[in-house]
Amino acid sequence: MTPAPQVMTSAAGDYSRNLWLVPGPRDSVHPLCLFLDAEHYLRDMDCLPLISKLMAGGQIPPLTLAFVSHVSSEDRQRDYLWNPRYAQFLAEDVVPWVCARSNARTEGNLICGLSLSGLAAAHVAFQYPGLFSQVLCQSGSFWWLAQQELELPVNHARFWLSVGDQETETEVTHPPSGLYQEISQIEGVEWAAAAFQDQGATVHYQQYKGGHAIAPWRAELPAALCWLLAAQQVDNGVHSQGIS
């Protein structure tokens with residue numbers, strides 16, 4: 001059952017977002033799994049039953065789960081485009097708030113996002129490498145990052161970067177702001193995989209069959225979480241490709 005949302009407001013008062021919290025066990029310290037784009041993961045993907053099954057079966061460790069609302073299309077583009085203030089809100093407001101209400105640990109956690117929020121998840125991990133050491137980016141909008149002149153810092157996190165084999169469209173304009181995408185989603189994710197690996201990250205590049213859609217993201221979620229949360233786990237039939 002999806003919990004009722006709570007309102008999370010930043011200490012500075014400049015952010016206020018709905019947050020859904022599913023605390024893990026109180027008798028042991030465990031990782032936090034922070035999901036951006038809560039509406040997509042909770043409502044569209046219905047991810048809670050999948051994650052509960054993985055934990056019950058011992059395929060992933062017990063987790064505290066937190067889901068942060070994207071609010072609107074305008075907020076998504078403002079917050080998720082490598083925005084340092086939004087990253088600070090997540091790391092310095094949301095995570096301490098969650099940890100005060102659960103037994104989640106304060107370092108070495110997992111952050112997840114899709115499309116634009118996949119880009120944001122990577123940004124948070126680069127800005128706060130001690131806090132998040134596992135990162136799930138499903139069809140991350142890394143075409144945007146490839147179009148910038150940004151220098152990435154060294155990072156030793158584990159990244160699962162995925163993209164659909166049908167995500168080939170180029171020269172796309174994204175509402176509501178008219179954000180311009182010059183290269184394809186595939187080119188952007190492949191660029192990110194190589195760039196992140198060059199900075200010291202461990203990268204699993206996953207190209208699935210399909211497009212920019214909820215169904216393949218939901219289908220790959222169990223394998224992605226298992227790989228990210230269990231470094232020694234054997235990859236059970238999932239195609240893994242290193243980038244060099």
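# Reading a predicted fold, feature by feature

Guide: Cys-33 counts as buried, at a relative accessibility of 1%. The model is predicted.

Visitor: In which element is the place of Cys-33?

Guide: In strand E3, residues 32-35.

Visitor: What is Cys-33 in contact with, leaving aside neighbours within four places in sequence?

Guide: Leu-63, Thr-64, Leu-65, Ala-66, Leu-110 and Cys-112. Cys-33 and Leu-229 are 196 residues apart in sequence, yet 9.9 Å apart C-alpha to C-alpha.

Visitor: On to helices. How do I read the length of H4, and what do its end C-alpha atoms show?

Guide: Take 1.5 Å a residue. H4 covers residues 84-99, and its 16 residues should span 22 Å. The end C-alpha atoms are 21 Å apart, which agrees with that expectation.

Visitor: Where is the kink in H4 centred?

Guide: On Leu-90, with an angle of about 25 degrees.

Visitor: What caps the N-terminal end of H4?

Guide: Asn-83. One of its side-chain oxygens lies 2.9 Å from the backbone nitrogen of Arg-85.

Visitor: Which residues of H4 are buried?

Guide: Start with the general idea. An α-helix has 3.6 residues a turn, so residues three or four places apart point the same way. In H4 the buried list runs Tyr-86, Ala-87, Phe-89, Leu-90, Ala-91, Asp-93, Val-94, Val-95, Trp-97, Val-98 and Cys-99.

Visitor: What does the same reading give for the span of H7?

Guide: H7 covers residues 185-198. Its 14 residues should span 20 Å, and the end C-alpha atoms are 20 Å apart, so the two agree. Its buried residues are Gln-185, Ile-186, Gly-188, Val-189, Ala-192, Ala-193, Ala-195 and Phe-196.

Visitor: What do the buried residues of H7 pack against?

Guide: H5, H6, E7, E9 and strand E10 (202-208). Look just past the helix too: Gly-200 takes a positive phi of about 105 degrees there.

Visitor: Which residues have a positive phi although they are not glycines?

Guide: Ser-139, at about 50 degrees, is one. Glu-171, at about 55 degrees, is another. Read each in its setting. Ser-139 is in the loop between strand E6 (132-138) and helix H6 (142-146). Glu-171 is in the loop between strand E7 (158-164) and E8.

Visitor: Is Ser-139 buried or exposed? And Glu-171, buried or exposed?

Guide: Apply the cut-offs: under 20% relative accessible area is buried, over 50% is exposed. Ser-139 has 0%, so it counts as buried. Glu-171 has 58%, so it counts as exposed.

Visitor: What does the side chain of Ser-139 make a polar contact with?

Guide: The side chain of Trp-217, at 3.0 Å. Beyond four places in sequence, the contacts of Ser-139 include Ser-115, Ser-162, Glu-167, Gln-185, Tyr-208, His-212 and Trp-217. Glu-167 is 28 residues from Ser-139 in sequence, and their C-alpha atoms are 8.7 Å apart.

Visitor: Which residues does a cis peptide bond join?

Guide: Pro-175 and Pro-176. Omega is about 5 degrees. Pro-176 lies in the loop between strand E8 (172-174) and strand E9 (179-181).

Visitor: Gln-77 is in which helix, and what is Gln-77 in contact with beyond four places in sequence?

Guide: Gln-77 is in helix H3, residues 73-80. Its contacts are Leu-116, His-174, Pro-175, Pro-176, Ser-177 and Leu-179. That list holds both prolines of the cis bond. Gln-77 is buried, at 9% relative accessible area. Its C-alpha is 7.9 Å from that of Ser-177, 100 residues away along the chain.

Visitor: Now rings. How many aromatic pairs does the structure hold?

Guide: A pair of aromatic rings is described by the distance of the centres and the angle of the planes. The structure holds 12 aromatic pairs. Trp-82, Phe-126, Phe-142, Phe-159 and Phe-196 form one aromatic cluster.

Visitor: What does His-123 touch, not counting residues up to four places away?

Guide: Trp-82, Asn-83, Pro-84 and Ala-87. Among them are the cap residue of H4, Asn-83, and Trp-82 of the aromatic cluster. His-123 itself is in helix H5, residues 116-127. It is buried, at 6% relative accessible area.

Visitor: Which charged end sits over the ring of Trp-227?

Guide: That of Arg-158, 4.0 Å from the ring centre.

Technical notes:
Residues are numbered from 1 along each chain as its sequence is written. This is a predicted model: local features need pLDDT of at least 70, side-chain atom pairs count only at pLDDT 80 or more; totals for chains, interfaces and linings use all residues. Side-chain values use heavy atoms; hydrogens and water are left out. Rings of Phe, Tyr and Trp (its six-membered ring) pair if their centres lie within 6.5 Å; planes under 30 degrees apart count as stacked, over 60 as edge-to-face and the rest as tilted. A charge sits over a ring if NZ of Lys or CZ of Arg is within 6 Å of the ring centre and within 35 degrees of the ring normal. Helices (H or I, at least four residues) and strands (E, at least two) are DSSP runs, numbered from the N terminus. The expected span of a helix is 1.5 Å times one less than its number of residues. The bend at a residue is the angle between axes fitted to the seven residues ending there and the seven starting there. Buried means under 20% relative accessible area, exposed over 50%, partly exposed in between (1.4 Å probe, protein chains only). A polar contact is a pair of N or O atoms within 3.5 Å; within protein, one must be able to donate a hydrogen and the other to accept it, and residues adjacent in sequence count only if both atoms are side-chain atoms. Contact means heavy atoms within 4.5 Å.
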